[in-house]
Amino acid sequence: MTIDDGRVPAGPLASIAGLAPLLVFSNSLSLGVALGIAFFLAYSAAGAMALLLPARLGRPAVFAFSLTGAAVVASLTASALRLFDPFLFEAAYGRVFLSVFTLPVLRACVMPETVSDRERAIESLLWGVGYAFLTAVTGAVRQFLATGAVSTRFGAEHGSLLPIFAQPAGAFILIALAAAAFKVVIKAVRGSES
Amino acid sequence: MDVSDKTRDTWILAIAMALIVAASGFASAYASGQAARQLAKAASEAPGPSARGEAAWTTLREGSVLGRVDKRGEPAAYLVVARYPDGEFRAAASVDGDGSILDLRPLGDSGDAYSKRLAALFSGAGKGASRADASTLDASLKALVTDTLETLAALERGRTEAEDDD
Amino acid sequence: MSVIGLVFYLTLGGNVMVQWGLIPSGKRGGAFSASTLVAFLAAAALASLAHGLAFRYLLSPWGLESLAPILFSALLFGAFAALKAIRTALGKPSRPLHDEGLFPTTLVLYAVALSIGSRFSSTWLLLVGGAAAALGYVAATGFLEAIMERLELERVPEPFRGAPLRFLSAALMALAFAGVDAGFFSRLSI
């Protein structure tokens, strides 16, 4: 699930494609915020553990501990979500749990080997904020396109504008348009630099 | 690299992780208890006859049936949460011994067309109402309503049989 | 729903590729050998069974549902250790758990386990549902790869080449699959 056709940088765009399981489900602001927070916490926990655990444990052990740490954080997030809104938990718990096994989180669990890998890993932790924000914004945009309004309350999404955007097909269309726009922007930036 | 250091670190981390997992378990159980109270309250406070008394919640997660609220001396009420692509319909359904719906009370504001039709179809199924008010949405919702009614009947029969055995 | 209806539904309307956004990269998508396919279906069936039973009968009664991802991680590590031991005994090399090539498979297995585990409670339906959902995923990725191959011959605007086109194709597949509703198969008695 990587976007790498040799024309655009693989990093951020590949991770956005890796977020597709969350973006597809994020069809309202409340779901988007819940999934964004769950992803950010799991991603940060995985990345921080992979960076901070002693290298002498070996890559397989660091991966296993980081993945378990991310799973524990997802578990705590799900419990907090359940306290906040049991209906939202029932609707979203599957995706909150799945956030642990999304490609960006699994990649963050791998111990960086070289100094440059470590520097990139620290940088990619900052990207986590962006990915979480993107998940929440996707939810809000899809809700607006589908219903004509944005509601902060889960289960209060009424109205009908373009209902397709509440469905998985709408998420794929939005991701495709965003990826195409990203490629155009990257090309324009590179053109102005040269 | 000292092998004993690696083994020691691994064990320390494994024990720490086990303790954190245990704490997560307690957090989950606490959240579950609080959620049960909130869901029982939501089902009990819906407009209708079942508004007083202590309610016990049982999570079921069978199809569209999220759980059951048991109140002493009253028919069991099931919390129905039916999801469709752009929303969900929530209702508390009181059922009799064979699982047929006695009363259905939508929870929250059922503002969209799907919720309104689902409420009408569930209520109609319970009261045996005529289908003079049929809508074009009914064809796509009928399977969901039928499955939910069958699930409710099976769950209630199972519960009453278990009670009789006791 | 009959077993055949279930298999059709999980291949079309309830397909995990479109419902869970599991779009393959295209580097290996659709290229499955028969033994890999059988192993994948078996793994999906077992993952659904293990997750479904553990969630319903072990975690749910005690209010421990939130521990599900930790449990799945433990199952994953256990299955991987067993597989590694078997391959070592047979003198075959095994890939490390942190090999990036295994990540998409792990994601799909968990998505299948979550999707099927939350839907059924019987052992038989969990096994069949898990295998059917995995089969649906393999079929859908095959369709998507075939569409992408055909589109390579077409004149597509430059910004849409590659990933955007893949997602647009997935969107059209999702729309087509969404038309095949669960209700159609729930009444099917074969």
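Helices (H or I, at least four residues) and strands (E, at least two) are DSSP runs, numbered from the N terminus. The expected span of a helix is 1.5 Å times one less than its number of residues. Helix α8 of chain A (residues 168-193) has 26 residues and should therefore span 38 Å; its end C-alpha atoms lie 37 Å apart, which agrees.

The model is predicted: local features need pLDDT of at least 70, side-chain atom pairs count only at pLDDT 80 or more, and totals for chains, interfaces and linings use all residues. Residues are numbered from 1 along each chain as its sequence is written, while chains are lettered from A and ligands numbered from 1 in the order in which they are written.

Chain A holds eight helices and zero strands. Its radius of gyration is 18 Å, close to the 16 Å from the globule rule for 194 residues, so chain A is as compact as a globular protein of that length. The radius is taken over C-alpha atoms, and the rule is 2.2 Å times the number of residues to the power 0.38.

Of the 194 residues of chain A, 61% count as buried. A residue is buried if 20 or more other C-beta atoms, placed from the backbone, lie within 10 Å of its own. In α8(A), the buried residues include A:Pro168, A:Phe172, A:Ile175 and A:Lys183.

The largest nonpolar core has 171 residues. Such a core is a set of buried Ala, Val, Leu, Ile, Met, Phe, Trp, Tyr and Cys residues joined through C-beta atoms within 7 Å. Helix α3 of chain A (residues 29-52) gives the largest share, 15 residues. A:Ala42, A:Ala46, A:Ala70, B:Ala93 and C:Val112 have the most contacts inside the core.

Two residues are in contact if their C-beta atoms, placed from the backbone, lie within 7 Å. Leaving aside neighbours within four places in sequence, C:Val112 touches residues including C:Val16, C:Ala44 and C:Gly130. Between chains, 41 residues of chain C are in contact with 45 residues of chain A. On the chain C side, α7(C) supplies the largest share, nine residues.

Confidence was also examined. pLDDT is the predictor's confidence in each residue, from 0 to 100. Chain A averages 87, and 91% of the residues score at least 70. Within chain A, helix α1 (residues 10-18) is lowest, at a mean of 69, and helix α4 (residues 59-84) is highest, at 96. Over residues 1-9 of chain A, the pLDDT is below 50. Where pLDDT is low, the predicted coordinates should not be read in detail.

Technical notes. A residue is buried if 20 or more other C-beta atoms lie within 10 Å of its own, exposed if 12 or fewer, and partly exposed in between; C-beta atoms are placed from the backbone.
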